[in-house]
Amino acid sequence: MDIGTVMNTMRDPAGVPAHPVLFQGLMILTWIFHIAFVHLTLGAAGLAIYGFHHRATGNDWERLSMAMTKVAKVGVSLLIVLGVAPLLFTQVIYDPQWYVSNVLSGRWAIAFIFTLIVGYCSWFAFYYANHEGAKKHIGIFAWIALALFCLDGLIMHALSYQALLPGQWMNWYAPGGMVDTSGSALHAIQWPRYVFIMGLSVPAVGVFLIAYAHYFATRSDREPEYRQFARSLGQRLAYWGFSVSLIPLLVWQLIHPSGAGLTAHPVGWLLALSLVAMAYWMRRLNDRTHGYLPVAGGLGVLAVLALWREVVRIAHLKPFGYDITTYTVHVDWPSTLLFFTTFIGLGGLVGGFYLTLLYRAGRVQGLYTAERFVARLGTGAVAVLGVWIAVFFAYGIAIWVRNSFL
Ligand code: HEM
């Protein structure tokens with residue numbers, strides 16, 4: 001049996017509840033937010049460490065280091081939460097590839113969880129200790145955390161990349177005909193791809209700093225000099241970050257498998273062009289530009305990257321006869337409706353309420369009293385949550401009754 005047939009046979013026999021392209025679109029979309037927070041976390045962590053080693057009592061680096069330590073702390077939790085959605089969508093349409101890849105590197109897939117826990121605990125230790133006049137040796141916790149986060153990125157990368165290489169699975173599973181069930185190897189790493197994606201953390205923290213300086217313009221405890229320091233540092237990081245990341249991207253472009261049509265593919269070059277455009281813009285950025293616009297530009301780059309990863313995946317799997325559009329579809333309208341109303345109602349209203357509240361509260365020094373519209377948004381969020389819980393249980397109970405008693 002050839003591996004293409006194996007892959008198609010390993011698909012979930014229950015099929016998918018709506019057209020596969022819907023899940024593909026959601027996978028691409030949700031991954032943008034996952035990787036945005038990966039970048040923000042790694043960039044903020046790197047900057048926090050740099051600032052920590054360049055601090056002097058009361059100087060801007062000390063302040064920035066403490067602020068970025070908090071950003072990375074929150075960032076890790078968000079990158080984890082936001083990683084779940086693309087993970088679920090990958091498992092819906094690319095389940096054979098994802099599970100094979102995970103089983104072939106089982107120990108690493110499990111080690112991923114533990115290293116992430118240890119890394120996050122280590123970052124918390126740094127966070128608790130990194131205050132004015134902190135002892136130098138506590139920096140070790142930050143270094144350990146950053147190293148483990150980079151290792152986790154490498155594991156994620158290997159799991160993603162191995163999934164694209166079904167032609168090699170048998171060699172990894174039974175090298176020389178001897179079955180190896182240890183799962184102890186990361187079988188394939190494409191360094192330019194890894195370095196490129198992870199390296200985008202540098203421009204990401206750059207555009208973040210520009211937005212950070214803008215955000216705190218309303219607060220007198222963030223003096224103009226400090227904000228100017230953050231903004232010009234951000235501009236430099238963004239300019240150099242976008243410029244230098246072109247190198248690993250171009251190397252990645254040149255090592256795609258021949259005949260896959262990837263090296264000349266327009267989406268790959270659009271990605272390169274978006275980096276050049278961002279670098280050019282960051283170079284010429286002036287104080288009149290709204291501070292949040294560079295973040296929007298950065299998300300645009302990530303949207304092209306997300307799309308490009310999918311184009312690369314399709315090109316790798318096509319020769320094996322794997323095409324998501326042939327996935328069995330068993331349309332299930334109630335669950336699709338429940339999904340989208342959850343996405344829009346809970347994600348939009350409850351998530352929107354939290355975001356608005358945090359955004360508004362952070363811009364006020366001292367005690368924040370919610371404005372009328374924020375208070376109303378809060379009431380709406382609680383109401384929609386109540387409705388959602390009621391529908392969720394009613395739906396489950398209705399199915400249980402129908403299956404068990406009718
Ligand atoms: C510090 C922790 C993490 C880092 C540094 C990280 C980094 C990355 C990177 C660099 C990629 C792209 C790999 C590539 O395309 O070559 C990626 C993909 C991905 N990550 Fe993460 N990640 C982390 C944690 C997580 C967690 C906790 C989850 C799930 C809850 C997750 C879910 C995903 C998914 C679903 C993909 C796409 C896989 C695919 O398309 O095949 N990540 N991550």
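User: Which residues line the largest cavity?

Analyst: Start with the general idea. Rolling a probe the size of a water molecule over the atoms shows where empty space is left. In this predicted model, the lining of the largest cavity is made of Leu104, Trp172, Asp180, Ser182, Gly183, Ser184, Ala185 and His187. The volume of this cavity is about 40 Å³.

User: How do the residues of that lining divide by class?

Analyst: There are 3 nonpolar, 4 polar and 1 charged in the lining of the largest cavity.

User: How many cavities of 30 Å³ or more does the structure hold?

Analyst: It holds 2. The second largest cavity has about 30 Å³. Ser160, Leu164, Arg193, Arg309 and Arg313 form its lining. By class, that is 1 nonpolar, 1 polar and 3 charged.

User: Where is the ligand?

Analyst: The ligand takes up the space of the second largest pocket. Elements giving two or more residues to the shell around the ligand are α2 (20-53), α3 (60-93), α5 (106-129), α6 (139-162), α8 (191-199) and α12 (293-317).

User: Which residues come nearest to the ligand?

Analyst: The shell has 24 residues, and His34, His157, Arg193, Arg309 and Arg313 come nearest. By class, the shell has 15 nonpolar, 5 polar and 4 charged residues. Some names return from the second largest cavity: Arg193, Arg309 and Arg313 are among the residues of its lining.

User: What distances separate ligand atoms from N or O atoms in side chains?

Analyst: For a polar contact, look for a pair of N or O atoms within 3.5 Å. Take His34 to begin with. An N or O atom of its side chain is 2.9 Å from a nitrogen atom of the ligand. For Arg313, the distance from a side-chain N or O atom to an oxygen atom of the ligand is 3.0 Å. For Ser160, a side-chain N or O atom is 3.5 Å from an oxygen atom of the ligand.

Note on methods: Residues numbered from 1 in each chain as written. Predicted model: local features only at pLDDT ≥ 70, side-chain atom pairs only at ≥ 80, totals over all residues. Heavy atoms only, no water. Near = heavy atom within 4 Å. Polar contact = N/O pair within 3.5 Å; in protein donor to acceptor, adjacent residues only side chain to side chain. 1 Å grid on protein atoms, 1.4 Å probe; cavity = no way out; pocket = protein on both sides within 12 Å on 5 of 7 lines; lining within 4 Å. Sits in = over half its atoms within 2 Å of the grid points. Helix = DSSP H or I, 4+ residues; strand = E, 2+ residues; numbered from the N terminus. Nonpolar A, V, L, I, M, F, W, Y, C, P; charged D, E, K, R; others polar. Points joined across faces, edges and corners; volume = space filled by probe spheres on them.
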